[in-house]
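Dear colleague,

I am passing on the structure below, together with some notes on its salt bridges and on one part of its surface. Please read the notes with the coordinates open beside them.

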Amino acid sequence: MIINVKNVEKLLNNSERYRIGITRTHVSVAQKNLVNHSKIRQELVTRFILVLERMIKDGKKSYRKSKKNTRVDMASKSDKNNKTRSNKVPQKKDLELREIEPKSDKQFEAFRKFQAGKNLVLHGSAGTGKTFLSLYLAMKEVHNKDRAQKKTIVIRSVVPTRDIGFLPGNMEEKISVYEVPYDNACANLYARKTAYTDLKNPEIGYPKLLFSTTSFVRGITFDNAVIIIDECQNMTFHELDSIITRCGENCRIIFCGDTHQADLKNNGFENFMKVLKRMNSFSCIEFGIEDIVRSGIVREYILQKMVTYNTGSP
């Protein structure tokens with residue numbers, strides 16, 4: 001490195017430029033043509049070396065102190081950042097439930113009965129909006145701060161693959177296959193693709209939306225909730241019996257299904273409905289072909305299926 005003697009001229013009283021070589025253990029001083037430069041005395045060179053050694057020593061102390069302070073500052077900043085991150089709470093996103101109007105007489109009846117405080121059994125043809133309607137009524141109830149219900153719980157069977165062990169992934173990933181209809185329904189109800197995921201995240205602060213299968217309801221008591229039991233035609237009487245006996249305080253419940261779409265032979269839905277029809281707290285609503293709202297082709301297909309096979313019902 002090259003050091004100008006002007007930096008130490010008070011000590012050396014000289015302003016020549018010297019070439020300085022510095023290693024971890026040595027300091028050397030040289031000037032171009034130093035051997036032939038008779039005016040530079042050895043004493044001056046020695047004094048210059050001593051001054052440089054002192055400067056280097058002081059510089060190392062200063063560097064250590066500076067490095068130590070830097071570490072302290074960095075540690076302080078790191079602690080501050082960690083504290084900030086630990087205190088950071090997920091922000092509540094704007095989610096607003098759309099207003100849905102009934103599209104058929106039976107949907108209107110379901111609206112009216114539920115608003116009157118009844119529990120519901122929605123049974124009938126595919127494409128009549130039973131699941132969509134149930135989810136809307138449940139979430140509307142939960143969003144109402146004056147209601148005791150604070151969460152919606154969706155329960156369904158995993159038939160026809162009741163044993164889901166062969167599906168890839170952990171239990172949550174296996175079950176997620178059966179959540180797709182509710183994900184789609186929430187995206188429609190809230191006009192946001194991530195609505196279902198957001199509603200399931202309690203950290204955001206929304207009413208909780210929970211999903212479970214019939215395999216995980218034993219021993220649980222549901223309080224302050226609206227419970228939707230979907231695809232009831234794929235449940236045994238024992239499963240349906242187990243679910244309804246899980247209801248605790250301030251629970252409302254909606255059963256949805258169609259016995260003509262059963263994947264489970266000898267399902268218990270019909271016998272279960274016979275019991276519910278005798279209960280004053282339940283209103284059983286039967287959906288027919290005239291209530292199909294999914295599309296015209298669905299209505300036409302179900303009608304022609306009835307005619308072809310002379311089933312007399314959808």
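In what follows, a residue is called buried when its relative accessible area is under 20%, exposed when that value is over 50%, and partly exposed in between. Arg252, at 9% relative accessibility, therefore counts as buried. Please bear in mind throughout that this is a predicted model.

A search of the whole structure finds 5 salt bridges, and I describe some of them here. The side chain of Arg252 meets that of Glu141 in a salt bridge, at 3.2 Å from N to O. Because Glu141 lies in helix α4 (residues 130–143) and Arg252 in strand β8 (residues 251–257), this pair ties together parts that are 111 residues apart in sequence. Glu141 is itself buried, with a relative accessibility of 10%, and its side chain also forms a salt bridge with Arg147, at 3.0 Å from N to O; Arg147, by contrast, is partly exposed at 34%.

Another salt bridge joins Asp198 and Arg192, whose closest N and O atoms are 3.8 Å apart. Through shared partners, salt bridges join Glu141, Arg147 and Arg252 into one network.

Turning to the surface, Phe237, Val275 and Met279 form a nonpolar patch that has about 230 Å² of accessible area together. Of these residues, Met279 lies in the loop between α9 (269–276) and β9 (282–287), and with a relative accessible area of 32% Met279 is partly exposed.

Conventions
Residues numbered from 1 in each chain as written. Predicted model: local features only at pLDDT ≥ 70, side-chain atom pairs only at ≥ 80, totals over all residues. Heavy atoms only, no water. Patch = residues over 30% accessible without salt bridge, like charges linked within 9 Å, V, L, I, M, F, W, Y side chains within 5 Å. Areas by Shrake-Rupley, 256 points an atom, 1.4 Å probe, with all protein chains shown as cover. Salt bridge = Lys/Arg side-chain N within 4 Å of Asp/Glu carboxyl O. Helix = DSSP H or I, 4+ residues; strand = E, 2+ residues; numbered from the N terminus. Buried < 20%, exposed > 50% of the residue type's maximum accessible area, 1.4 Å probe, protein only.
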